[in-house]
Each structure stands twice: as structure tokens, then as C-alpha cells.
Amino acid sequence: MALLLIVASSASAHQIKAAITTVLFNPRTENIEVMHRFNMHDAEHAVKMLFDKSADIMGDTKTQQAFADYVDEHFAILNADGKPLALKPVGYETEGKFFWVYQETAQPPALEGLQIRHDALRDLWPSQVNTLNVEGNGPLKTLTFTDNVTLLEVSFNAPHH
């Protein structure tokens with residue numbers, strides 16, 4: 001009976017669709033660096049649904065690039081007034097059971113806050129949870145995109161230098 005319970009709980013653990021994103025204010029480069037981490041298992045299923053049944057994110061660089069482009073299109077950072085910051089793709093990589101997508105933009109001179117949209121994979125799976133941490137500009141701030149949430153905001157107490 002205990003074994004059955006363990007098997008059932010490990011099977012359900014793989015059903016959780018989640019991604020973690022870090023938005024880092026890097027004082028050295030004066031850029032805002034964005035690092036998206038997806039479970040490889042989810043990315044594998046996603047590319048087969050998004051592109052075609054034979055898409056291979058593990059071994060095909062075209063599929064990897066297409067997935068990175070998809071993430072770029074489904075993520076946006078806007079300033080407090082709703083003006084988009086121009087994110088540039090930096091690259092992507094596979095690392096063990098994760099697929100990483102990187103973006104960056106120059107830090108605006110005065111930034112009172114951010115509005116962030118993170119819809120990656122949420123068009124495929126309504127239960128997808130995208131958690132985002134904003135680091136390097138005051139205290140750590142965490143945003144969670146679930147259900148119908150499309151845009152979340154963080155504000156900064158003091159202007160960033």
C-alpha cells in the first residue's frame with residue numbers, strides 16, 4: 001500500500017507545470033538580465049504541441065531556438081507607465097533537466113516600477129504557474145502568474161542608481 005502511495009504521488013508531481021524566471025538588475029553591466037528556467041519535461045511536451053509532433057528540444061538546435069523565440073514572444077517587461085522595455089534575446093541552453101532562455105535590456109535611468117507579462121506555456125496549459133523573482137533593486141520581490149493573471153506589477157521605493 002505504501003509503495004502504491006509513493007508511485008501515485010511521484011506521478012502527480014510530474015503533472016505540476018511550473019517555470020521560474022529571475023529578473024536581475026545587474027549593477028556591473030547596468031542591464032536588466034532575464035533568466036527563464038523551464039523543466040525540460042514540460043519544454044519537450046510544449047514543442048510537440050507548438051511546432052510539430054517530431055520536434056526535439058533535446059537534440060535539435062532549430063527546435064531550441066524556436067522555443068526560445070516562443071518564450072521571447074510570451075514575456076514582456078514594461079515600465080510603471082506601461083511602456084515596453086526592449087528585451088533582446090541573449091541565448092538559451094539545456095542544463096540537465098532544465099531548459100534556460102536568456103534576455104536582457106539596458107536599465108532605464110529612472111524606474112519607479114515594472115509591469116510584467118509572462119504567458120509562456122500558459123496558452124497550452126491553464127494550470128501552468130510562472131513564478132518570477134525580481135532581484136538587485138531593493139528587497140527580493142516575487143510575482144506568481146496563475147489562472148487568468150496576465151500582468152503583474154512591482155514598485156521600487158527609491159529610484160535605482
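This is a predicted model: local features need pLDDT of at least 70, side-chain atom pairs count only at pLDDT 80 or more; totals for chains, interfaces and linings use all residues.
Contact here means heavy atoms within 4.5 Å. Residues are numbered from 1 along each chain as its sequence is written, and side-chain values use heavy atoms, with hydrogens and water left out.

**Overall layout**

- You get three helices and nine strands, where helices (H or I, at least four residues) and strands (E, at least two) are DSSP runs numbered from the N terminus.
- Along the sequence the order reads α-β-β-α-α-β-β-β-β-β-β-β.
- Of the 161 residues in the protein, 42% are buried, meaning under 20% relative accessible area with a 1.4 Å probe and protein chains only (exposed is over 50%, partly exposed in between).

**Helix packing**

- Helix α2 (residues 40-50) and helix α3 (residues 61-73) have axes that come within 11 Å and cross at roughly 90 degrees; axes are lines fitted to C-alpha atoms, for helices over the stretch in contact, and angles run from 0 to 180 degrees between N-to-C directions.
- That makes α2 roughly perpendicular to α3 (65 to 115 degrees; under 35 is roughly parallel, over 145 roughly antiparallel, the rest oblique).
- On the α2 side the meeting residues are Ala43, Ala46, Val47 and Leu50, and on the α3 side Thr63, Phe67 and Tyr70.
- By class, this contact of α2 with α3 has six nonpolar, one polar and no charged residues; Ala, Val, Leu, Ile, Met, Phe, Trp, Tyr, Cys and Pro count as nonpolar, Asp, Glu, Lys and Arg as charged, and the others, Gly among them, as polar.

**Aromatic pairs**

- Searching the whole structure turns up six aromatic pairs: rings of Phe, Tyr and Trp (its six-membered ring) with centres within 6.5 Å, called stacked if the planes are under 30 degrees apart, edge-to-face if over 60 and tilted otherwise.
- Phe38 and Phe67 have ring centres 5.3 Å apart and planes at 80 degrees, so they pair edge-to-face.
- Phe38 sits in strand β2 (residues 31-39) and Phe67 in helix α3, so this pair ties together parts 29 residues apart in sequence.
- Phe67 and Phe99 are edge-to-face too, with centres 5.4 Å apart and planes at 80 degrees; Phe99 belongs to strand β5 (residues 98-106), 32 residues from Phe67.
- Phe67 is buried at a relative accessible area of 0%, and Phe99 counts as buried at 0% as well.
- Ring pairs join Phe38, Phe67, Tyr70, Tyr92 and Phe99 into a cluster.

**Strand pairing**

- Strand β1 (residues 18-26) runs antiparallel to β2 and is joined to it by eight bridges; two strands pair if DSSP finds at least two bridges between them.
- Phe25 has Ile32 in β2 as its bridge partner.
- The hairpin of β1 and β2 has four residues between the strands, and Glu30 takes a positive phi near 60 degrees there.
- Nine bridges pair β2 with β5 in the antiparallel sense, and Val34 stands opposite Gln103 in β5.

**The three-stranded sheet**

- An open, antiparallel sheet is formed by three strands in the order β3-β6-β9.
- β3 (75-79) and β9 (152-155) stand at the edges with a single partner strand each, so one side of each has no neighbour in the sheet.
- Neighbouring strands of this sheet are turned by 20 degrees against each other on average, direction ignored.
- Five bridges link β3 to strand β6 (residues 113-118), with Asn79 opposite Leu114 in β6.
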